[in-house]
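Hi,

Here is the structure I promised to pass on.

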Amino acid sequence: MPTLNLDLPNGIKSTVQAELFINNKFVPALDGKTFATVNPSNGKEIGQVAEASAKDVDVAVKAAREAFDTVWGENTPGDARGKLLMKLADLVEEHVDELAAIESLDNGKAFSIAKGFDVAAVAANLRYYGGWADKNHGKVMEVDTKRLNYTRHEPIGVCGQIIPWNFPLLMFAWKLGPALATGNTIVLKTAEQTPLSALKMCELIVEAGFPAGVVNVVSGFGPVAGAAISQHMDIDKIAFTGSTLVGRNIMKAAASTNLKKVTLELGGKSPNIVFKDADLDQAVRWSAFGIMFNHGQCCCAGSRVYVEESIYDQFMEKMTAYCKGLQVGDPFAENTFQGPQVSQLQYDRIMEYIESGKKDANLHLGGVRKGNEGYFIEPTIFTDVPHDAKIAKEEIFGPVVVVSKFKDEKDLIRIANDSIYGLAAAVFSRDVSRALETAHKLKAGTVWVNCYNMLVPQVPFGGYKASGIGRELGEYALANYTNIKAVHVNLSIPAP
Ligand code: NAD
């Protein structure tokens, strides 16, 4: 503390200012507290990071409020905000190797994926919202000739944002992009498991030229710093990504304090349907990618696969072979697809689910630890799973899939929709009518047809049911970050 010198396994050297980022400065926590961030590949401490308390959150909120009132919000025109976001996107691309290496070290995801997917998507998202910054207009309502009615899309103010550990950089960008484009200021809390890459981003935020106080980042724990954000009386809006359980608490905290606006992106147990007329090889590869990508740590993971009975055996044969071939191991090795789970806690949670699955269903593949250090779990497939089994109902958030067969299409839709969640779903079929009709019947915020996990900045993402409130990405996300003001101008109507 305060600077971590990182000698990254792929030869890259980097430093991270392991403090709180407030008013464009790195500062220690007021009470001097720190916590360890751990390398999930070996369970060893990477270094100590400043741990925010409620008092630090308060300081960060004051900085964000001051910036909102003086240098940001409607004080900076949209095109200037957009330019800064685009500059930040350029800097992300210039630092792609360094950012990806930090992400791999702290989170465990494969370096090649962190570089090719996560960091690339961070730049794309920032640039996309940079483009929106001067294009989010209100409307004129042509009521009659005697009046002028119009709306303004005004920034909400200070936004609290709480992000998880599964895509630390990408969630950072998903939160920053629409909030900054629309003129809000930010106090963001990273996940305690993965604080480092966002801190590196803070250096780039200063370099890009964002005024002090526009973005403030605090590292720390949910029940302390997270709760302080959700209860804060001077935060106008909160955006949260994480578990459904904590999402409920965030909403309660908002309701019992200042009724700050709330958007939530929560869990899922997404169904993935493979019809007999699907391109089988493609369906297998996408289905494996749908669940095993990011070690199963995706809120939209295709964790329930339903395969039409007549192709079930063939599907299973190919899916098993494909999953067996996925490279699990050192995130910095060239061919690695799957690294370790993010923490001992997540590893233990997943292993508990696997044990419960062994009692209720048939363990077809995996179900064991890989190696003897770090939190690696072999790709795992369960079959013959009763619909009400715990592993078929609850979000596991690991490389664990249940595969079932179906015969009757009506029954299939009922079962697919029988979940408290509704984040995502997928359909594989060569028959476009069948695929789209099924897509329309599924109660999910995203339905992929003949693919999985395709996410682009232009297309909204968010949940039905207990999977969330509001939408991220696309034009839709802008609405989460603006207050609509209606202005009524009387041109010539006499007073009543
Ligand atoms: P979590 O919901 O506890 O943590 C997510 C974020 O919320 C972190 O930044 C955390 O510090 C913060 N947080 C925790 N308690 C809080 C509180 N009381 N007030 C405010 N903020 C709080 O998730 P977890 O414990 O890390 O993981 C548990 C499960 O959540 C996973 O197994 C998975 O099922 C789910 N999850 C979902 C997502 C997603 O993208 N939807 C991401 C991570 C985890």
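**A lysine in a loop**

Let's start with Lys 269, which sits in the loop that runs between strand 13 (261-265) and strand 14 (271-274). Helices (H or I, at least four residues) and strands (E, at least two) are DSSP runs, numbered from the N terminus. Before going on, the ground rules: this is a predicted model, where local features need pLDDT of at least 70 and side-chain atom pairs count only at pLDDT 80 or more, while totals for chains, interfaces and linings use all residues. Residues are numbered from 1 along each chain as its sequence is written, and side-chain values use heavy atoms, with hydrogens and water left out.

Lys 269 is buried (under 20% relative accessible area; exposed is over 50% and partly exposed is in between, with a 1.4 Å probe and protein chains only).

**Around the ligand**

There are 26 residues around the ligand (a heavy atom within 4 Å of it), and Trp 165, Lys 189, Glu 192, Ser 243 and Glu 395 come nearest. Polar side-chain atoms lie 2.5 Å from a ligand oxygen for Trp 165, 2.6 Å for Glu 192 and 3.3 Å for Arg 349.

**Salt bridges**

The count comes to 27 salt bridges. In one of them, the side chains of Asp 7 and Lys 13 meet at 2.7 Å, N to O. Asp 7 is exposed at 58% relative accessibility, and Lys 13 is exposed at 63%.

Glu 472 and Lys 175 also pair up at 2.7 Å, N to O. Glu 472 lies in the loop between strand 23 (468-469) and helix 15 (476-479) and Lys 175 in helix 5 (residues 168-181), so the pair ties together parts that are 297 residues apart in sequence. Glu 472 and Lys 175 are buried.

Then there's Asp 418 with Lys 393, whose closest N and O atoms are 3.6 Å apart. Asp 418 is in the loop between helix 13 (409-417) and strand 19 (421-422), and Lys 393 is in helix 12 (residues 390-393), 25 residues away. Asp 418 is partly exposed at 35%, as is Lys 393 at 31%. Elsewhere, salt bridges that share partners join Lys 276, Asp 277, Glu 308, Glu 409 and Arg 434 into one network.

**Helix 3**

Eleven of the twelve residues of helix 3 are buried, so this helix is largely enclosed by the rest of the structure. Among the buried ones are Val 96, Glu 98, Glu 103 and Asp 106. After helix 3 comes Gly 108, with a positive phi near 95°.

Cheers

Note on methods:
Lys, Arg positive; Asp, Glu negative; His and termini not counted. Salt bridge = Lys/Arg side-chain N within 4 Å of Asp/Glu carboxyl O. Polar contact = N/O pair within 3.5 Å; in protein donor to acceptor, adjacent residues only side chain to side chain.
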